[in-house]
Amino acid sequence: MQFKDIPSNVRVKSQLLHAVENNRLSHAHLFTGEDGSSSLAMALAFAQYLMCENKTASDSCGVCPACLKSEKLIHPDLHCVFPVITGKGTNPVSDHFIEEWRGAIASNPFMSEEEWYLNLGDTNKQGFISVYEANELSKKTVLKPYENSYRVIIVWHAEKMHNPAANKLLKLLEEPPEKTIFILLTSSSENLLETIVSRLQNTTIEPCDENNLTKYLMEIEGVEEKTASEISHLSSGSIGQALKLIKGSELLEQNTEEFQNWMRMCYKARIIELTSWVDMINRWGREQQKGFLHYALHMVRESLVRNFADSSIQKVREEEEQFTKNFAPFIHQNNAIEIIEEIELAHKHISRNGSSKFIFMDLTLKMVVLLHVKNLTLQETN
């Protein structure tokens, strides 16, 4: 991965290059960006640049042995740590899944966490970074870099670290091994230990601007200009989301269909059918359930936009636009906040391994009530 392969974020690239050029490189970085943003690609491009044997002022050369090994994620001084799941031996760590990781990155360096678990073939388990991972990392950093260059350690979704793992990593950050650069990536830095965040140089990875993303989709993905422009608008600058839309993600289609079915049944208070629906979604994996709740929040947000703002700024697909046209009147000032809070609470409980059947049943019954709250204006209530 080279910097030139990443659209937008010119300022971030410039800052990183400037730091290397002036020998003012921090040993620990935190890249903060939305899931599916350019943060992982940026970390990989930065790592390749640091290890490149013929780097220029603007990018790695892309052809030297170090670049070729970095590109394939087989450079001995490049270590990737990422959330793993149980079921592959005892005390699973990233090295146990390295072949799947290389395949997933080769296919899409902008993948989301949910897509990573799909690559592993299991969306029912939640990923984690355990203390065993931190122990392995400690062993690796005892040795000097193999090729006398920098050693780079990328921790993707660092917020998935268990506390013992985070404390072990903190020790490494406090006493960094020679010529070792840590790059932690997260979409929620508030879930990291403050003591870790305070030792990192924070860099925000911004979403792509629509023009650059459109150009990228046309040139790299071969999408026609009109379609590329529409997808750029819908994806809110998330390159990962844009690629999902291009490939016609089955998950996105499934979320769309199930959300619309769910809302229709809630409005008609079809309790028996809703009970069957809860049984169905209870069979989904937890990551898929969390993705569904994210989608539900998105649709509520788009309904509010339709009600209170110019509908031209809505970010919905054609089939979603038709649905929100009918659905938006039921999302208003008297129930919107409560609906959003209930969906966010359900997401939180799913993340904490609560019973998904109870959580979705509770949320469903509340939605039945909330969708029937009347839209009363202040004038009407006086």
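Me: How many cavities of 30 Å³ or more does the model contain?

Reply: A cavity is a space that a probe fits into but cannot leave. In this predicted model, the count is two cavities of 30 Å³ or more.

Me: What volume does the largest cavity have, and which residues are closest to its centre?

Reply: The largest cavity holds about 90 Å³ of space. Its lining comprises 15 residues, of which E34, D35, S39, W156 and H157 are the closest to the centre.

Me: Which elements give two or more residues to the lining of the largest cavity?

Reply: Those elements are α2, spanning 39-51, and β4, spanning 180-186.

Me: How is the lining of the largest cavity divided by class?

Reply: One sorts the lining residues into nonpolar, polar and charged. For the largest cavity, seven are polar, six are nonpolar and two are charged.

Me: What is the volume of the second largest cavity, and which residues line it?

Reply: About 70 Å³ of space lies in the second largest cavity. The residues lining this cavity are V81, I129, E133, A134, L137, V155, M161, A165 and L169.

Me: What classes of residue make up the lining of the second largest cavity?

Reply: This lining has eight nonpolar residues and one charged residue, with no polar residue.

Me: Turning to strand β1, are its residues buried or exposed?

Reply: A residue is called buried when its relative accessible area is under 20%. Strand β1 covers residues 28-32, and five of its five residues are buried.

Me: In what sense do β1 and β4 pair, and over how many bridges?

Reply: The pairing of β1 with β4 is parallel and runs over five bridges. Within β4, L185 is the bridge partner of F31. Strand β4 is also one of the elements that give two or more residues to the lining of the largest cavity.

Me: How many bridges join β1 to β5, and which residue of β5 is the bridge partner of H29?

Reply: Strand β5 consists of residues 201-204 and pairs with β1 in the parallel sense over four bridges. The bridge partner of H29 in β5 is Q201.

Terms used: Residues are numbered from 1 along each chain as its sequence is written. This is a predicted model: local features need pLDDT of at least 70, side-chain atom pairs count only at pLDDT 80 or more; totals for chains, interfaces and linings use all residues. Side-chain values use heavy atoms; hydrogens and water are left out. On a 1 Å grid over the protein atoms alone, a cavity is a set of points where a 1.4 Å probe fits but cannot get out, and a pocket is an open set with protein on both sides within 12 Å along at least five of seven lines; lining residues have an atom within 4 Å of a point. Grid points are joined across faces, edges and corners, and a volume is the space filled by probe spheres set on the points. Buried means under 20% relative accessible area, exposed over 50%, partly exposed in between (1.4 Å probe, protein chains only). Two strands pair if DSSP finds at least two bridges between them.
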